[in-house]
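Here is a short briefing to read alongside the structure.

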Amino acid sequence: MRRMKSHVAACMLAAVAFAGAAAAQTAKNKTYSFDQDTPGKPPAGFSFAHTRNVGSPGKWVVEASRDAPSGGKALGQIDKDDTNARYALALAPDEMPANVRVSVKCKAISGDVDQACGLVFRYKDENNYYVTRSNVLEENVRLYHVKEGKRTQIASWDGKVPGKVWNDLAAEAKGDTLRVFFNGKMVLEQKDKTFSEGGKVGLWTKADSVTYFDDLTIRGAIEPPSPGSR
């Protein structure tokens, strides 16, 4: 009888541990659709920054958007300051582990200097992070690290980036392997050790880019990189 009780207790403890691990994993997975946020105001819980304090800090507000993928609202960066090296950031609330997958649907609305849609990950502060971005005017997708405020390109892909329509951009970090996906296709893969620790993830624009974002999805414990085609 004592052995049976011990076995039952052990099973219960294992079940609790498993449930706790599952709950923790679920807590790391989240999608921000912005549909519960108030139009004309920043989304709840987000923080904002801009690299090296160059140019204006940007204006991030929830906007009504009929064609937004998840409903009638999206998050927009609507400040048209055309300072060339102005990088405006919107950060999701939670710190994430180093191994992370982040994706977003985005639509470039306008911009004479740039029409950029960017994803930030392993964010330490406004001057230290990884960013991948698509650019309508340049017709490319690039991956950078920003270290001590200096942006350095580490990989690039040339291809059609449609404007004024919703595109999918995703970044995946596993150890020192970084991958970028555009509209479902892996377009970049690069090893880089500039930032190895976790941090916040978020959104990014450059210069006068007016860009809408929707369905920012974060997955905090990813499997090893799966094979893909460029």
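The second largest cavity holds about 40 Å³ of space; a cavity is a set of points, on a 1 Å grid over the protein atoms alone, where a 1.4 Å probe fits but cannot get out, and its volume is the space filled by probe spheres set on the points. This is a predicted model, where local features need pLDDT of at least 70, side-chain atom pairs count only at pLDDT 80 or more, and totals for chains, interfaces and linings use all residues. Residues are numbered from 1 along each chain as its sequence is written, and side-chain values use heavy atoms, leaving out hydrogens and water.

**The cavity lining**
- Lining residues have an atom within 4 Å of a point, and here they include C106, K107, A108 and Q115.
- Strand β6 gives the largest share of this lining, 3 residues; strands (E, at least two residues) are DSSP runs, numbered from the N terminus.
- By class, the lining has 6 nonpolar, 3 polar and 1 charged residues.

**Partners of β6**
- β6 (residues 100–110) pairs with β11 (residues 167–174) in the antiparallel sense over 7 bridges, and pairing needs at least two bridges found by DSSP.
- In that pair, V102 stands opposite A171.
- β6 also pairs with β15 (residues 210–219), again antiparallel, over 8 bridges.
- There, A108 stands opposite T211, and A108 is also one of the residues lining the cavity.

**The whole chain**
- Of the 230 residues of the protein chain, 48% count as buried, meaning under 20% relative accessible area with a 1.4 Å probe, protein chains only.

Technical notes
Helices (H or I, at least four residues) and strands (E, at least two) are DSSP runs, numbered from the N terminus. On a 1 Å grid over the protein atoms alone, a cavity is a set of points where a 1.4 Å probe fits but cannot get out, and a pocket is an open set with protein on both sides within 12 Å along at least five of seven lines; lining residues have an atom within 4 Å of a point. Ala, Val, Leu, Ile, Met, Phe, Trp, Tyr, Cys and Pro count as nonpolar, Asp, Glu, Lys and Arg as charged, and the others, Gly among them, as polar. Buried means under 20% relative accessible area, exposed over 50%, partly exposed in between (1.4 Å probe, protein chains only).
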